[in-house]
Amino acid sequence: MAFIPKDKITDIQSAADIVEIVSESVLLKKAGKDYKGLCPFHTEKTPSFTVSPEKQIFHCFGCGTGGNVFSFLMKQEGVSFPEAAKTLARRYGIEIPTQTMPPEERQRMDERENLFAVNRQAADFFHHSLLNSPAGEKAMTYLKKRGMTKETVDAFHIGYDSGWDNFTNYCLQKEISRELAEKAGLIGSKNGRFYDRFWDRIIFPIFDVGMRVIGFGGRVTDNSNPKRPKYYNSPETPLYNKSRSLYGLHRAKQKCRQSGIAYLTEGYVDVLSLYQHGIENAVATLGTAITPEHVRLLKGYVREVILVYDSDEAGIRAAQRSIGTFRKENMDVRILVLPSGYDPDAYLFEFGPESFTDAAEGALSAMSFLLDAAIKKHGLSVEGKIRILSEMKGSLASVHDSVARSLYIKDFADRIHVDESAVLEQVREVIFENKKKGLSRQHYPPKQLSDGPLSSPALRIEQQITSMMLQFPEILTEIHHRNLIEDFENETLKSVCQTILKHNNGSDGRVSELIGLMDDKKKRDMATSLAMKEDAWTREGCLSLIAQFESIRNRRKTAFLVQKMGAADDHEEMLSIGNEFQREKEIQAGIRQ
Ligand SMILES: [Zn+2]
């Protein structure tokens, strides 16, 4: 991080608020002095991800990850330190001189910036041609026929590309590098000729939650050419990854937070239809099944997701697949199946938004949905029931809450008219099998704080001292003077403390800044965990802890020398160890230094 001036890092650090930054992607609730939420870095049901506004750090007591505002952004967005710093700097209006960066880092960052810029230019160009070109008029008529209003077209910055090389020529005109446009997935080449990848398509820009254009989705205006796929989305680029992006989240996020619920639909047109009817908390996946990354992204905004699917077989299958993913990520999901023959748009048009939200309120739980689908598929003959049970026992077994599970089992047995105990027996078998395979281990193993055994009193004291040094900087001179850290047994703690001591002078002792100086993840995670501890330190308490440590250390040293003496080979060696022992005793008694 040497290539961003230190004073700039300090400026950013003082301006940025970790609670504000984390809140953008994690739902946080106040808990005492701190905030808690579900960890975005591992799967959990009860929040152990803690953010301290006072210390400006975070730590997850589930998976052990911790850090400051920079480390959070780096991990959450998968970017480097300078990129994270730059994002924060931009946000808080701090200027960073980029020429101080090494060339390859600067190039990588410039490339991302340039890709964002070319995407933005393309989105504007397409939007402009939808509204202002003769061919665009045709596309606009098509959109209007499908019930789209100008307000929606503007709100989502929808566009149109009328010719096969319009954008290619625009790049030439505006001196936009063709290579860059190709990298952004906007231009392709064939037989040495460049062409627009989205030609003759209505274009839906895909935004990230920071309102930047990361990619595009395109839909043909007429389905008559069987060689042209109906939908075409941007390829994977350094900015766009379909398994991590949700269409419409940039507009939906506020309503999602307010209502705690998100509608997940099958495509962008559904999102727009819902939006037009005043239902703004809707998002869609982009040509892919829902992934764990999508679910984690949603967890930052809502507590429950309602899947909106067509009642055709493909829709039902898609819903079945999605349920598994939500389950694995421990997120509540219900399924709204629209009447046969209706997509959200047709439904809203005919019955209105109130009817839609009413239907959503009565949306089926995942379990009822799966059971309905199974009954529909197999029927309620004896064979049918056997098949239903064999299909459903896995889902029933995967419900971790035992009370909920027994209620589901009872409900299930009632609905297909079989004996509850028979269902219970089968489900238990699956649970047993899963346990054998180790599949039921849903909970992340809590990370050990140290490399050694946790119970050792020496280690516990070393942890306490580190915690004290992080939280009570007034004691640092004392620690330095007594040379305590040299005698630490745990190497990670020793290294954490050395960093603290080294940077004590000059720094105002802010924990988050110290943590920024620790490049090693193990050190950083340990430091945040110890800094989060709630201890009220007093100078007296600190001194007594130090004395305790010294006494343990002294005992250890003398015991070591006694042992060495016993193992000595000859008289001379014994004598030399004896002298050493004497010297040690004098040091401990304070006679010698
Ligand atoms: Zn975690």
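1. Start with Leu-307. Beyond its neighbours within four places in sequence, Leu-307 is in contact with Leu-264, Ala-319, Ser-322, Val-333, Ile-335 and Leu-336. Contact means that the C-beta atoms, placed from the backbone, lie within 7 Å. The model is predicted: local features need pLDDT of at least 70, side-chain atom pairs count only at pLDDT 80 or more, and totals for chains, interfaces and linings use all residues. Residues are numbered from 1 along each chain as its sequence is written.

2. Leu-307 also belongs to the largest nonpolar core, which has 94 residues. Leu-307 is among those with the most contacts inside this core, as are Ala-262 and Ile-335. A nonpolar core is a set of buried Ala, Val, Leu, Ile, Met, Phe, Trp, Tyr and Cys residues joined through C-beta atoms within 7 Å. Buried means 20 or more other C-beta atoms within 10 Å of a residue's own; exposed means 12 or fewer, and partly exposed lies in between. A second, separate core has 48 residues, including Phe-49 and Leu-493.

3. Now the strands. Leu-264 stands opposite Leu-307 in S14. Strands S12 (residues 261-265) and S14 (residues 304-309) pair in the parallel sense over four bridges. Strands are DSSP runs of E, at least two residues; helices are runs of H or I, at least four; both are numbered from the N terminus. Two strands pair if DSSP finds at least two bridges between them.

4. The open sheet runs S13-S12-S14-S15-S16, with mixed pairing. Its edge strands are S13 (282-284) and S16 (364-365).

5. Helix H23 (residues 521-532) is mostly covered. Nine of its 12 residues are buried, among them Arg-524 and Met-532.

Conventions. Two residues are in contact if their C-beta atoms, placed from the backbone, lie within 7 Å.
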